[in-house]
Amino acid sequence: MKKILVIEDDFEMNESICEVLTNAGYEAIPVHDALQAISKFESVKPDLVLLDWMLDPQLQGIDIAKKIRETQGTPIIMVTAKTDPEDIILGLEAGADDYVTKPFNSQVLVARIKANLRDIKSSEQEVLTLGPITIDVPGHEVRKDGTRLQLTPLEFNLLQTLAASPGEVFSREELLVKVWGYQFKPDDKFKPDTRLVNVHVQRLRSKIEEDADSPQFVLTERGIGYKAGTN
Amino acid sequence: MAKVFRRLVAFFRRSLQARWVAATLIMSTIALVSVGGFLSYSISAGLFETRQQQIMAESARAVVEVQNTFTASTSTDTATLQGLMNTVVPNLESKTTNSSRTVALLRSPGQSNGQYLQSPVSLGLDAGIVPEALREKVRTHASKLLYQSVSIIVGTESHPGLIVGSHIEIPVAGAYELYLVYDLGSAQQTLDFVQSTLVFGGAIMILLIGAVSFYVTGRIVSPVRKAAEVSAQLAAGDLEPRLKDAGDDVIAALGKSFNTMADSMQAKINELSAVSQMQQVFVSDVSHELRTPLTTIKLSAELLQARRDELDPAAVRNLDKLTGQINRFEDLLADLLEISRFDAKSVVGEFEVEDLNGVVGMALAHIQPLADSKGSVLEVDIPNGPVEAEFDPRRVERVLRNLLSNAIEHGEGKPIRIEVGQSPTAVAVTVTDYGVGMTPSQVSRVFDRFWRADPARKRTTGGTGLGLAIALADTTLHNGWLQLVSSPNKGTTFRLTLPRKQAVLFTQSPLPLGRRDS
């Protein structure tokens with residue numbers, strides 16, 4: 001059973017989330033105190049972290065995300081009441097893989113968790129190469145010139161998806177579906193925020209490119225989306 | 001020429017100072033010309049009158065002298081008489097710097113008796129200039145000294161002159177007429193000098209008056225101009241500039257009261273904007289603060305929904321009500337937050353070049369289930385090929401969804417017509433329903449927040465009452481138009497017009513707003 005750490009200071013909200021997750025077949029571990037979040041994370045070693053963005057004034061969600069990212073690539077979904085694009089970008093840049101905005105419903109929450117926990121089988125090949133970069137799909141390992149790169153599972157999935165069909169252009173919406181597991185429904189209030197993709201591409205580049213500002217491996221196709229470099 | 005005139009007129013219309021200076025100049029010119037004319041007239045009259053009196057006195061003496069000379073002469077010898085006559089002219093001639101006198105002693109015509117003697121005339125004097133009328137008078141009024149003004153030619157110039165004539169009785173020879181011709185050139189010269197001095201002085205005077213009035217009006221107009229500039233700056237939103245208000249005169253008073261007005265206005269505006277900012281922050285904070293409890297309520301309702309089989313029918317009914325109202329509450333919260341963002345002007349459009357047809361298609365797909373449930377057929381008329389324009393597709397789709405759900409809600413199950421049009425500068429969508437429609441007073445309030453055409457009307461589509469207000473704000477963000485026409489019981493047409501490119505200005509929508517009744 002996958003373990004999910006639910007860091008949320010509102011007691012009843014935390015309880016409801018845990019009940020939803022338990023019903024969906026996960027083991028939910030509630031944390032109410034932001035200050036205990038890191039130690040709990042280290043002792044529980046969860047498969048995914050659900051992180052409220054507005055916690056203790058001394059320790060915001062953004063700080064916890066940064067702390068976790070220092071050592072672990074564990075998927076982090078931030079739960080935020082803030083809907084301003086700037087706040088969301090700030091959270092993603094701090095290390096969150098995905099976000100849900102309050103008020104969300106249980107299906108959306110579970111879908112996001114499921115998508116962030118799954119492995120992507122985007123190719124039959126076990127090893128993909130992109131110039132000096134080799135991607136070991138079953139081993140979840142990426143090496144560049146023999147050196148192992150620390151990618152989060154999401155970054156791994158993003159790179160794997162692009163590298164599986166080098167030169168093929170993926171739109172941001174396509175990547176949201178393939179990598180983040182978004183399902184577009186006509187009754188969505190908005191088209192989802194594709195900046196989620198931009199932020200993660202930028203983060204991936206900072207790890208695999210020599211110079212993130214003039215990338216060689218993950219290329220931008222202006223007005224369309226991204227593709228893996230073929231050289 | 002006409003252009004220059006028009007520009008001159010425009011200049012005078014614009015410049016208060018120019019008008020004042022011009023008016024001062026015109027009035028002072030009139031005054032100066034009248035005074036100068038009067039002066040010139042009286043000086044010339046005085047000058048000539050004095051000279052004339054002098055001339056008459058001189059002439060009287062001369063005539064008496066000449067008459068005496070002849071009367072005293074006892075000679076009957078024509079040669080002696082002729083000699084005597086010949087001395088008369090040189091004796092009377094004079095040529096001084098300020099006046100010259102020439103002489104003619106002419107025999108009166110029509111005499112049969114008496115010796116004929118030659119009539120002596122000054123050298124250079126044309127006896128013909130003596131007018132016949134004067135000669136006749138001289139002959140008839142033998143005892144009188146008579147005069148007439150003439151103009152005499154000296155060299156090439158014409159001078160004013162005075163001819164004084166008198167009857168002279170010469171023994172033996174008969175009746176003669178003595179004419180003394182005075183050249184008044186020097187008096188004229190004096191007069192000319194006086195007049196030119198007057199004109200010159202007058203011109204200088206007018207220039208001085210012009211300069212003084214320019215300066216004075218400048219002193220008065222410049223504070224007024226400054227006040228106009230400063231109030232224009234205030235009107236443009238810059239609340240800092242003030243007028244100079246040093247001194248105690250009326251200009252300083254104007255400056256002081258203007259500044260007081262500006263101060264209180266600035267204070268009021270700052271106060272209002274602070275209040276409105278507080279309100280915006282408040283709305284935004286409230287919307288955010290409500291999100292956490294709403295999420296908990298929502299999750300709890302969903303957890304109950306998952307176990308609805310275990311509940312009795314009344315509880316299920318309550319649970320459904322709860323769920324429905326939670327969704328409505330959520331929509332309301334989202335719309336409130338969106339409006340507060342527009343109010344705070346923190347909305348930034350994400351413009352990209354997109355096919356409007358595609359966005360219309362997405363909105364239609366979204367709204368189709370609602371249309372089906374109300375029995376409205378969606379009739380779509382879109383151009384072949386893409387209708388590309390630069391816009392924020394999420395916002396435009398939201399506007400269209402709003403218009404469509406509005407049309408369906410008020411369309412009474414009749415068809416809804418959707419048209420897309422394009423021109424080189426703009427793209428447009430119209431959404432027409434043939435339902436209840438609105439009166440003009442209702443139309444004027446349709447974009448107001450939380451306003452409903454008919455509060456008693458049962459709402460079925462669950463709008464928040466903010467939809468059209470947000471749609472209008474979204475449209476304004478695009479520099480576009482959101483317009484409508486409506487008539488009661490016939491239906492409503494909304495038209496959204498957007499520029500092709502955000503920088504492009506358009507003046508006409510590609511689609512007409514007139515209603516086409518089906």
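Apart from neighbours within four places in sequence, B:Thr292 is in contact (C-beta atoms, placed from the backbone, within 7 Å) with A:Asp10, A:Met13, A:Ala81 and A:Lys102. The model is predicted: local features need pLDDT of at least 70, side-chain atom pairs count only at pLDDT 80 or more, and totals for chains, interfaces and linings use all residues. Residues are numbered from 1 along each chain as its sequence is written, with chains lettered from A and ligands numbered from 1 in the order in which they are written.

**B:Thr292 and its helix**
- B:Thr292 belongs to helix H7 (residues 291–306) of chain B; helices are DSSP runs of H or I, at least four residues, and strands runs of E, at least two, numbered from the N terminus.
- B:Thr292 counts as buried because it has 20 C-beta neighbours inside 10 Å, the cut-off being 20 or more.

**H7(B) against H8(B)**
- H7(B) packs on helix H8 (residues 313–343) of chain B at about 150°, the axes 10 Å apart; axes are lines fitted to C-alpha atoms over the stretch in contact, and angles run from 0 to 180 degrees between N-to-C directions.
- The two helices, H7(B) and H8(B), are therefore roughly antiparallel, a term for angles over 145 degrees.
- Residues of H7(B) including B:Leu294, B:Ile297 and B:Ala301 meet residues of H8(B), among them B:Leu322, B:Ile326 and B:Phe329.

**Sheet in chain A**
- Three strands of chain A form an open antiparallel sheet in the order S10-S12-S11; strands pair if DSSP finds at least two bridges between them.
- S10 (170–171) and S11 (218–221) each have a single partner strand, so one side of each lacks a neighbour in the sheet.
- Four bridges join S11(A) to S12 (residues 225–228) of chain A.
- Helix H6 (residues 153–164) of chain A lies across S10, S11 and S12 of chain A, at about 70° to S12(A).

Definitions and conventions: Buried ≥ 20, exposed ≤ 12 C-beta atoms within 10 Å, placed from the backbone. Contact = placed C-beta atoms within 7 Å. Parallel < 35°, antiparallel > 145°, perpendicular 65-115°, else oblique.
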